[in-house]
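Please keep the sequence and the model in view while reading the points below.

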Amino acid sequence: MEERTLILVKPDGVQRGLIGEIIGRFERRGLKLIGMKFIHMSQELAETHYGIHKERPFYSDLINYIRSGPVVAMVWTGKNAVEAARGTIGATNPVAASAGTIRGDLGMEIGRNLVHGSDSPENGIKEAGYFFAESELVDWNRDLDSWIRE
Ligand code: DAT
Ligand code: MG
């Protein structure tokens, strides 16, 4: 299976009118979109998605934040998709994130950091499965691929 990363435009990104700005960065980078939906995450989905942070002090704030409005959930694919997307997203705390990254260009607070990206290929597959049935992911050929990939 091709590498996958689950990307979320978090509620602050949606409310601030930054959906297009954020998606455009992944699209221009050369990642390939195979799934997208606009949803209000259920309590159950939020707890599954952020299960690894259950014991952290910020866990309940994180759940409230991710459920504070709708999110855009996407799956992007391709060789090195996870690492490339993490680079485009930037460091967890936007104040420490490099200029040129989504968080470094658009964010100010760790609890309003605009976007989620899976942190490993293994978690990319797992997290994509929390949000999408296999039948919702699109297998398609992108004509531009030969200009993006060697
Ligand atoms: P990332 O989203 O960069 O993968 P993470 O997986 O370590 O970061 O944490 C998930 C989210 O939890 C992160 O986007 C923001 C929040 N978070 C992480 N560390 C935090 C902290 N020290 N204080 C408050 N929120 C934090
Ligand atoms: Mg993470």
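In this predicted model, Trp147 counts as exposed because its relative accessibility is 74%, and exposed means over 50%.

**Trp147 and the surface**
- Trp147 is located in helix α8, which spans residues 145-148.
- Together with Leu144 and Ile148, Trp147 forms a nonpolar patch on the surface.
- The accessible area of these three residues together is about 390 Å².

**The ligand site**
- Arg86 places a polar side-chain atom 2.8 Å from an oxygen atom of ligand 1.
- For Arg103, the distance from a side-chain N or O atom to an oxygen atom of ligand 1 is 3.0 Å.
- Lys10 has a polar side-chain atom 3.2 Å from an oxygen atom of ligand 1.
- On its own, ligand 1 has 510 Å² of accessible area, and the protein covers 75% of this.

- In soluble globular proteins, nonpolar side chains tend to be buried together.
- The largest nonpolar core here has 19 residues, and those touching the most other members are Ile7, Ile22, Phe26, Leu31, Met74, Trp76 and Val115.
- At least two residues of this core come from each of β1 (4-9), α2 (19-29), β3 (71-77), α5 (81-89) and α6 (102-106).
- The element that gives the most to this core is α5, with four residues.

How values were computed
Residues numbered from 1 in each chain as written. Chains lettered and ligands numbered in written order. Predicted model: local features only at pLDDT ≥ 70, side-chain atom pairs only at ≥ 80, totals over all residues. Heavy atoms only, no water. Patch = residues over 30% accessible without salt bridge, like charges linked within 9 Å, V, L, I, M, F, W, Y side chains within 5 Å. Areas by Shrake-Rupley, 256 points an atom, 1.4 Å probe, with all protein chains shown as cover. Salt bridge = Lys/Arg side-chain N within 4 Å of Asp/Glu carboxyl O. Buried < 20%, exposed > 50% of the residue type's maximum accessible area, 1.4 Å probe, protein only. Polar contact = N/O pair within 3.5 Å; in protein donor to acceptor, adjacent residues only side chain to side chain. Core = buried A, V, L, I, M, F, W, Y, C linked by side-chain atoms within 4.5 Å.
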